[in-house]
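Please read it alongside the sequence and coordinates.

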Amino acid sequence: MSINSFGHLFRVTTWGESHGPALGAVVDGCPPGIEVDAALIQHWLDRRKPGTSKYTTQRREADEVEILSGVFEGRTTGTPVQLMIRNTDQRSKDYGEIAEKFRPGHADITYWQKYGIRDYRGGGRSSARETAARVAAGGLARAALKALAPEVQITGYMVQMGPRKIDREAFDMAEIERNPFWVPDAGAAADWAEYLDGLRKSGNSVGAVIEVVAKGVPAGLGAPIYGKLDTDLAAAMMSINAVKGVEIGEGMAAAELTGEANADEIFMGNDGRPVYSSNHAGGILGGISTGQEVVVRFAVKPTSSILKPRQTITKTGEATEIVTKGRHDPCVGIRAVPVGEAMMACVILDHLLLHRGQVGDAGGRIG
Ligand SMILES: Cc1cc2nc3c(=O)[nH]c(=O)nc-3n(C[C@H](O)[C@H](O)[C@H](O)COP(=O)(O)O)c2cc1C
């Protein structure tokens with residue numbers, strides 16, 4: 001089965017395991033002539049890199065990307081782009097115990113039940129190291145967006161850690177780059193630092209909610225029914241490790257609203273483009289972008305590898321206990337932010353290319 005790919009025209013296939021020699025992505029369908037080099041992609045990978053603060057895993061990976069094909073003299077050629085990241089910090093001894101025991105909350109038991117064989121070192125293919133490949137592909141998608149739709153800006157940030165939410169009144173975009181949590185609220189950053197430190201020291205972990213916003217997305221991306229922009233966005237976000245919930249715009253909270261409150265009223269703007277009174281829809285109507293901000297949120301579960309002993313079973317079915325030692329993120333939400341941004345970039349570019357292919361500039365004008 002070939003189920004390691006996503007995207008329609010900008011098609012990303014990732015490969016590799018956490019403790020193999022390398023992992024990476026093959027990107028097929030990237031338009032030719034896009035200016036890109038390893039340094040440009042590296043910029044995005046450095047944001048996901050482990051060990052950047054005491055709040056992320058202390059695994060030391062350089063996460064250096066190499067471009068093996070599809071780029072000539074600093075520009076894409078239209079042929080498959082092969083991106084490779086070598087694994088440099090595999091300590092298999094940290095993972096010896098899990099060869100026999102299934103770690104609760106991990107894919108150990110289901111991979112075993114499905115395949116009858118698994119690379120137990122650090123989770124193998126199910127390890128979130130795979131997300132480095134997505135971030136590399138997302139870097140290429142961003143380069144293509146810069147050339148084809150320069151107004152598109154993609155930003156991700158954390159809006160909740162455990163039960164602690166940001167104060168939307170204190171929202172400050174500039175704050176995102178200033179703290180280790182990618183949180184747009186200085187007060188929350190200070191509070192979360194103390195909170196996560198306590199959890200980390202006690203060997204525990206916590207979940208989070210990440211919001212990813214794409215500004216400057218033109219109206220008209222997406223397609224009705226089976227090609228909805230929101231369908232592809234939800235699938236992209238849900239495919240990230242540890243993600244347990246995805247919502248677009250108002251999301252689950254839309255169920256609490258009346259039709260009157262939820263209506264994004266439409267007015268004619270001064271620049272000849274429609275403007276909306278609000279964005280409960282998250283920038284998507286009928287599967288097609290409205291031209292407003294595209295807003296996606298996803299929830300990640302707490303890191304499963306914790307120092308608290310948990311009950312489990314062995315491969316032979318015996319009851320046992322497990323403490324997952326090794327180096328782990330106390331809140332995977334932090335490093336999931338650049339991953340969510342990368343998935344947004346890939347999906348938006350993919351739909352831009354689909355739109356260009358099907359309708360070109362045939363869209364209806366208003367006014
Ligand atoms: C960026 C990122 C980093 C992660 N790091 C860890 C980690 O250090 N320890 C851990 O137990 N899980 C970590 N996870 C989550 C596991 O990969 C994930 O829970 C596991 O593969 C089971 O898959 P599922 O949660 O999607 O069902 C991470 C997830 C992401 C997105």
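This is a predicted model: local features need pLDDT of at least 70, side-chain atom pairs count only at pLDDT 80 or more; totals for chains, interfaces and linings use all residues.

Residues are numbered from 1 along each chain as its sequence is written, and side-chain values use heavy atoms, with hydrogens and water left out.

**Helix α4**
- Helix α4 spans residues 186-201 and has 16 residues; helices are DSSP runs of H or I with at least four residues, strands are E runs of at least two, and both are numbered from the N terminus.
- From first to last C-alpha α4 reaches 23 Å, close to the 22 Å expected (1.5 Å times one less than the number of residues).
- Buried residues of α4 include W192, Y195 and D197 (buried is under 20% relative accessible area, exposed over 50%, partly exposed in between, with a 1.4 Å probe and protein chains only).
- The buried residues of α4 pack against β8 (153-161), β9 (164-165) and α7 (333-359).
- Just after α4, G203 has a positive phi of about 75 degrees.

**Salt bridges**
- The structure holds 22 salt bridges (a side-chain nitrogen of Lys or Arg within 4 Å of a carboxyl oxygen of Asp or Glu).
- D63 and R129 form a salt bridge at 2.9 Å, N to O. The pair ties together parts 66 residues apart in sequence, because D63 lies in the loop between α1 (38-48) and β4 (65-69) and R129 in the loop between α2 (108-115) and α3 (130-148).
- D63 is buried at 0% relative accessible area, and R129 is buried at 5%.
- R273 and D271 form a salt bridge with the closest N and O atoms 3.5 Å apart; R273 is exposed at 57% and D271 is exposed at 53%.
- R47, R142, E177 and E341 are linked in a salt-bridge network.

How values were computed:
Contact means heavy atoms within 4.5 Å.
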